[in-house]
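Here is a short note to read alongside the model, written as numbered points. Please keep the structure open while you go through them.

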Amino acid sequence: ANLSVAQTAEYRVTITNITLGQTFTPQLVVTHDTSAKLFKLGDPASEPLEMLAEGGDTGPLTEAVAEVSTDAVTIDGLLGPGETASTTITGDPETDAISMAAMLIPTNDVFFALNRAGLPREGGYQRLLQAYDAGTEDNDQSCANIPGPRCGGEGFASGGGEGFVHISNG
């Protein structure tokens, strides 16, 4: 028999908010089987992704990937423009990918994400991450529909939106 032992490594993940006026809600970082991904562009958002994109709640998405995840960490607190946050996470560079996501506030349903990127076998890398629109809420930019310290409005609410995940128009 040919047996292999998972060789997990510890990774240092650093997130820097390079937006001019958006704050990130708590940031989810997860290592998982390479077959899984947080979303697919052009497809409707899952309800756990919608809950993150509209209200900043990482719990449902963490639970949704639990069966295929090796490790999951939420970096608590808000990350303002120009600020940096770090955490460590474990993963197997042979079998795992890394994903991360957080809501941008104040927005209706915009989030940044790294979706199923390979883990480095040695060294590291830097990525500029895209902002996406979950397509789950109308982009009215009304504080009544945007959570967080600036607006204090409603977070997750079902219904509305464009109906599919797409690149944010800003």
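**Notes on the pocket and the aromatic rings**

1. The largest pocket holds about 670 Å³ of space, and it should be kept in mind throughout that this is a predicted model. The lining of this pocket is made up of 25 residues, and those closest to the pocket's centre are Thr-14, Ile-15, Met-100, Arg-127 and Leu-129.

2. Which elements give two or more residues to the lining of the largest pocket? They are the strands β1 (9–16), β6 (96–105), β7 (110–118) and β8 (130–133), and β1 gives the most, with six residues.

3. When the lining of the largest pocket is sorted by class, 16 residues are nonpolar, seven are polar and two are charged.

4. Turning to the aromatic rings, the count comes to four aromatic pairs when ring centres must lie within 6.5 Å. In one of these pairs, the ring centres of Phe-39 and Phe-111 are 5.4 Å apart and the ring planes stand at 90 degrees, so the pair is edge-to-face, given that planes over 60 degrees apart count as such.

5. Phe-39 lies in the loop between β3 (27–33) and α1 (47–55), whereas Phe-111 lies in strand β7, so their pair ties together parts that are 72 residues apart in sequence. Together with Tyr-132, Phe-39 and Phe-111 form one aromatic cluster.

6. Are Phe-39 and Phe-111 buried or exposed? Phe-39 has a relative accessible area of 8% and is therefore buried, and Phe-111 is buried too, with a relative accessible area of 0%, since buried means under 20%.

Note on methods
Residues are numbered from 1 along each chain as its sequence is written. This is a predicted model: local features need pLDDT of at least 70, side-chain atom pairs count only at pLDDT 80 or more; totals for chains, interfaces and linings use all residues. Side-chain values use heavy atoms; hydrogens and water are left out. On a 1 Å grid over the protein atoms alone, a cavity is a set of points where a 1.4 Å probe fits but cannot get out, and a pocket is an open set with protein on both sides within 12 Å along at least five of seven lines; lining residues have an atom within 4 Å of a point. Grid points are joined across faces, edges and corners, and a volume is the space filled by probe spheres set on the points. Helices (H or I, at least four residues) and strands (E, at least two) are DSSP runs, numbered from the N terminus. Ala, Val, Leu, Ile, Met, Phe, Trp, Tyr, Cys and Pro count as nonpolar, Asp, Glu, Lys and Arg as charged, and the others, Gly among them, as polar. Rings of Phe, Tyr and Trp (its six-membered ring) pair if their centres lie within 6.5 Å; planes under 30 degrees apart count as stacked, over 60 as edge-to-face and the rest as tilted. Buried means under 20% relative accessible area, exposed over 50%, partly exposed in between (1.4 Å probe, protein chains only).
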